[in-house]
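Trainee: I'd like to learn how to read aromatic contacts in a structure. Could you walk me through them?

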Amino acid sequence: MELDDRKKKFPTVKGLTDGTKVLCVIRSSNPSQPVNYLQATWKKKVSATKPTYRIVFDGNTSGTPGGGTGFSYDSSRPLGTLSMMLITGGEWDATQKRLVVTPKLVRAEGASLAYDIPCVSEWRPLQYEFKEGTTPASLQLQLKDYDFDSPTPDHFTLKPVGMLLRMPVEEEMEENGGGYYQLNAITLRSTAFAGRGYFDLSESNIKSMQESVIAKKERKYSWIFTQTAEADERFDVANPAVHFFTAVGATEYGTRRLKRYTPRYYLFLWVMPRDQQPADVTAGNVRTQIYADVDVKVQQAGRNVVYSNDSDADTKGLAGWAIVPQMKALPAYASDRLVQKPDGTNAAFSEGKSYTLTLNLNRPDLPIELISQMPVNSTYTGFATSKEDAAYIDNANGGTVVATLESRFRATNGNAWSLPSFERFAPLLGALDGAGTLSSTATRLDDRVAPYLAPQTYSDAGNYGLNKLDNGQVNIQRVLLALNAKEQGNRVVVYSLLFYPPMLRTTNYNRKGDRLSVLRGEYTTNRSGQRVFRLTMRYIGPYSNDVGVLPADMPEVSSEEQQKALAIAALDKIIAKGDAYWDDRLRKQDDITRDFPMWQKDATTGLISQSGDAGYTWGEMGYMAFHYGKLICVQFGNLGIGYPSIAYGGYDRLNRQAPILMMRNSLVHK
């Protein structure tokens, strides 16, 4: 097909090539005669005036049903009136009498594309004659009233069915100059369309067709989807290629200041619409989500790669491996519409057309995957493998100790690591002073505010550091967030929605929502049976329907208070989904998890213990030191999570010593 579809119609189909196999389905008006399914060959007939095509059956006619590979019938019964349809594309299942379609996801190269599009003809009556009495082998079939001498003879017309998705791939991961990536596959979840299925050509189905269909020369077929609506359909790119970021040609649009980038290439996929109508949009029943399977392609020859959510990422990272984000289910497209018309209304998807759906690839570094998985070890040169191997920070002289710790750690492992600063660590730690995310029965973190839980979601905002850029500066952005914490049995579960697009009119904040994520914190036990506080972050991004599709033109506000209700509603949508949301097998593989251990050391006796041990004094709670100079302590466990202000610090007030984590500057993208 030709790929020029600037008018958003079906790209020009070149047609079937000489030698293409065509399935011919022939039925009789006499229900006692069998339905014939014949593999025929599409032959080009050379003509000086007008080239035409004809169908050549591959087998001989038989008067015994099922006899041979050609047309067969019961010669003891009237043959009746015959009619035929043609169908191409897919794989013929002769046993179940179905034409199975497994679409391919193909990257276009050049100005044309070879693609196997299913095509179906109308039903047309046939005429037949016996050349030798009633001998079955002499039976000849042809299109009824076909005139060989006519300049415009009657003919079958094969038309494409279903629709073609034309998907420009836009690379948006621009931070630190972008990177190198390969899109391996997409997973489609949609109520509106799907790819895999089959044409039901069973005898009962064909024989039940009304004669009026043939008389009117209509197309009539039965399509069955293999999977239910919104079931996962994965399609591997048949010919993947490495691409890289470029800002050339990018244009800004919408109040959120999103950008349209020059597509790196185009993907094509055939699908069949599910017959949803505009009323389904009004009822909120339309949902389409496309997830991309993307790999970072590290350019340093021979360098190994490990995902940031792998359990041994830190160890391998210290050994020189490139730590990259895992993007097996990267949200790349989301819609709650069908075909949006210029006036804003919706129309149903139509067969025989193509539609453009842009895949936007964007996955910046998230704060949680920059945190080390284990505390620093006692020699300050790596990470602890057990509580006995960890470094415990002196309470009275913590600032000096951690300065030495950071210096020695970086001298051993390079400058890609640093201590967790307040700006970079705080987004993961619930609320300041435990105001909404820490039970009132927890130890008070600050003299000013008593901790409490917020079972009703609330919103807040602050300036936080996201990662360190290549120039060494901390990437600080305004973060609009929502928080919820409530008791579930014997523990508090905390939810945070981070990086909701801030739309304050008088500022230049990042409004794209390109780091939009949800964080869940809960007290649990790890595989070794140790008590931990587990943080799990799931990336949502700007192209997801997890919280509803965020429009490009969100209203600007004159104060953050005007927008907080939207952030609250977004988090409540996720909480309402329950555990089913977090148990989603596709999405779960990309989740980033960090377990905060509940360890302590008694500086007087040297006893190192963990929550549950007889000598442990913090119950089912734990502490962790962070920041520079005057150390701050985060408190976490069965009562929730929270931290004090910088001014309060708090670590020097603890009666036991706690471990400390490290943070990497950023992940590798090239």
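Predicted model: local features only at pLDDT ≥ 70, side-chain atom pairs only at ≥ 80, totals over all residues.

Trainee: How many aromatic pairs turn up in a search of the whole structure?

Mentor: The search finds 21 of them. One of these to look at is Phe596 with Phe636, whose ring centres are 5.3 Å apart, with 65° between the planes. Planes over 60 degrees apart count as edge-to-face, so this pair is edge-to-face.

Trainee: Which parts of the chain does that pair tie together?

Mentor: Phe596 belongs to strand β39 (residues 592-597) and Phe636 to strand β43 (residues 632-637), so the contact links parts that are 40 residues apart in sequence.

Trainee: Are Phe596 and Phe636 buried or exposed?

Mentor: Both Phe596 and Phe636 are buried. Now try Tyr616 and Trp618: their ring centres lie 5.9 Å apart and the planes meet at 80°, so this pair is edge-to-face too.

Trainee: What about charges and rings?

Mentor: Here you look for a charged end placed over a ring. The charged end of Arg98 sits over the ring of Tyr198, 3.8 Å from the ring centre. Likewise, Arg196 has its charged end over the ring of Phe235, 4.3 Å from the centre.

Definitions and conventions. Residues numbered from 1 in each chain as written. Heavy atoms only, no water. Phe/Tyr/Trp six-rings, centres within 6.5 Å; stacked < 30°, edge-to-face > 60°. Helix = DSSP H or I, 4+ residues; strand = E, 2+ residues; numbered from the N terminus. Buried < 20%, exposed > 50% of the residue type's maximum accessible area, 1.4 Å probe, protein only. Lys NZ or Arg CZ within 6 Å of the ring centre and 35° of its normal.
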